[in-house]
Amino acid sequence: MPIETRLRAVGGTVSHAAIDLGAEAVAVPVRKGPQAPATELAESLPFTLDELLTLHDAKGEPGEIVSAQVRVGDKVRELLLYGVGEAEPADLRKAGAALARRGRGRDALVAVVPRGDLAAFTEGALLASYTFKIGAPPGEKKKAVGTVAVLPEEGPDAAAPAIERGTVAARATALARDLANTPSREKDPSWLAGEAERIAAESGLAVRVRGEKELVEEGFGGLVAVGGGSSRPPRLIELSYDPRDAGASGEPERHVVLVGKGITFDSGGLSLKPNDNMKSMKTDMAGGATVIAVMAALRDLGVRARVTGLIAAAENMPSGSAMRPGDVIAHYGGTTSEVLNTDAEGRLVLADALAYARADLDPDVIVDVATLTGAAKVALGLRYGALFSNDDDLAAALTRAGTAAGEPVWRLPLVEDYREAIDSDVADINNTGRGGYGAGSITAALFLREFVGDRPWAHLDIAGPGRSTSDDAEITRGATGFGARLLLGWLAP
Ligand code: BES
Ligand code: MN
Ligand code: ZN
């Protein structure tokens, strides 16, 4: 579901804006200290803002909100004193999210916003307003705030580009959340391909979808084997962005290939998951959703690189036609892998896509995104993604982009001593990592590395941060869209 909240910059005074828009609430920022702002709203209060902040023991921390009532024009409205800390990007993202949550059920909210990263404030406010519900009776839950009118300290015109950037990033993230939150009864590989085609048409991308017949003919053995257990066959989705089609002149800077894991449901296959682990597995295509969402936003952000997005989509199910433990698969390009556990299916479909990228697309850099291993979740928890790379500069750039976007990643090593864990007696490699090595996210990354050759490559394991069990600042419960803002920040600095 698209975000229903609208956010835009306005000028003039906060009182005028509130009266014009009929806003039920007005918000002013409080810096760390707390430092109360000078505002004309204080004139109609029977106490000072400092006194009010003292009463509530406020600190001006981001996320904190102190409320009172204030007369503006002929109406009493809610006054929200919202903490902005030092007004760093992370502070404003959190403050924007807190304000939007507080504004639920309101038609409009006017917020004075301090000088700083308005894109981050916008992301926070819009993403905290995201909802996903199928068939909920109207009015059951408080609706997201209708309009957030931002009164930027630097004026509405100077603020407009940042607000636009933040809006594009938030919309992309919401799209990724929508795709991943959709239940697998509806979402199968062909549904995902259809969504990709629809989105491609809307965002000026070329698209090619390979169906099962082509996948068999062209040797995409991993996709065919993983998808074989399902009555709903696999797809390889290829989206292409060329900046010259978006009006840019000259040669593109470089060719980036993004690869996403698109397992539309992961039952584990014959190595069946217990129900507790299975019930969240409609989001096992979150990496693919992130890639689709990033592709959709490239034109709006004026990205100068050529970008290809590959989504390896399959449903991992047990049946008489499913792959078995002990089977050997020939991947695109011929590398073979022995399936020791059918639940390690993500690397099998990614292997095909990575090998195809390397052999056919001549990429300057490859980045894959995948909910790949429970081990990454154990290592880094629900808020940090695991990053692996064969290139220090690429790793550093992605780490920086993640921090700036509020989607942090932590680099883990590709330990050479663990490479023998994926040796196989009967194939080139095995898909599970032999016992005695541990480090399941590292052995999975080592498996993927076999398919990228010497191309600069990074792998983001988002099994932890790809979904959230609770609302938290701009994050909403369920799929988070993790990675979309990181990648957009990296591609469009
Ligand atoms: N999709 C799962 C990984 C996962 C687990 C994502 C939890 C999100 C939350 C993946 O396909 C998987 O099942 N991995 C196995 C690999 C093992 C069999 C080698 C795992 O992590 O247990
Ligand atoms: Mn699995
Ligand atoms: Zn999986």
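These notebook entries record what I looked up in a predicted model of a protein with a ligand.

**Entry 1: the surroundings of ligand 1**

I began with ligand 1 and listed the residues around it. There are 16 of them, and the closest are Lys-273, Asp-284, Asp-343, Glu-345 and Gly-374. I then sorted this shell by class and found four nonpolar, five polar and seven charged residues.

Next I looked up individual atom pairs. The side chain of Lys-261 has an N or O atom 3.2 Å from an oxygen atom of ligand 1. Ligand 1 on its own has 520 Å² of accessible area, and the protein covers 79% of it.

**Entry 2: Thr-371**

I stayed with Thr-371, which I located in the loop between β13 (365-370) and α12 (374-380). Is this residue buried or exposed? Its relative accessibility is 12%, and a residue under 20% is called buried, so Thr-371 counts as buried.

I noted that the side chain of Thr-371 makes a polar contact of 2.5 Å with the side chain of Asp-284. Asp-284 is also one of the residues closest to ligand 1. Leaving aside residues up to four places away in sequence, Thr-371 touches several others, including Lys-261, Thr-283, Ala-286 and Asp-461.

**Entry 3: strand β6**

I then turned to strand β6, residues 147-152. Six of its six residues are buried, so the strand is largely enclosed by the rest of the structure. In a regular strand the side chains alternate between the two faces of the sheet.

Which strands are joined to β6 by bridges? Strand β1 (residues 6-9) runs parallel to β6 and is joined to it by four bridges, with Arg-8 opposite Ala-149. Strand β5 (residues 108-113) also runs parallel to β6, through six bridges, and here Leu-109 stands opposite Val-148.

**Entry 4: a sheet of three strands**

I looked up an open sheet whose three strands follow the order β11-β12-β16, with mixed pairing. Its edge strands are β11 (328-330) and β16 (429-430), each of which pairs on one side only. Between β11 and β12 (residues 336-338) I found three bridges and an antiparallel course; Ala-330 faces Thr-336 across this pair.

**Entry 5: backbone angles**

Last, I checked the backbone for exceptions. Most residues other than glycine have a negative phi, and most peptide bonds are trans. The bond from Gly-33 to Pro-34 is cis, with omega near 10 degrees, and Pro-34 belongs to the loop between β2 (25-31) and α2.

Asp-57 is not a glycine, yet its phi is positive at about 55 degrees. I found Asp-57 in the loop between α2 and β3, and at 54% relative accessibility it counts as exposed. His-56 lies in the loop between α2 (49-55) and β3 (65-72) and is partly exposed, at 42%.

Asp-362 also has a positive phi, of about 45 degrees. Asp-362 sits in the loop between α11 (346-360) and β13 and is exposed, with a relative accessible area of 53%.

Conventions:
Residues are numbered from 1 along each chain as its sequence is written. Chains are lettered from A and ligands numbered from 1 in the order in which they are written. This is a predicted model: local features need pLDDT of at least 70, side-chain atom pairs count only at pLDDT 80 or more; totals for chains, interfaces and linings use all residues. Side-chain values use heavy atoms; hydrogens and water are left out. A residue is near a molecule or strand if one of its heavy atoms lies within 4 Å of it. A polar contact is a pair of N or O atoms within 3.5 Å; within protein, one must be able to donate a hydrogen and the other to accept it, and residues adjacent in sequence count only if both atoms are side-chain atoms. Accessible areas come from the Shrake-Rupley method with a 1.4 Å probe; for residues, only the protein chains shown count as cover. Ala, Val, Leu, Ile, Met, Phe, Trp, Tyr, Cys and Pro count as nonpolar, Asp, Glu, Lys and Arg as charged, and the others, Gly among them, as polar. Helices (H or I, at least four residues) and strands (E, at least two) are DSSP runs, numbered from the N terminus. Buried means under 20% relative accessible area, exposed over 50%, partly exposed in between (1.4 Å probe, protein chains only). Contact means heavy atoms within 4.5 Å. Two strands pair if DSSP finds at least two bridges between them.
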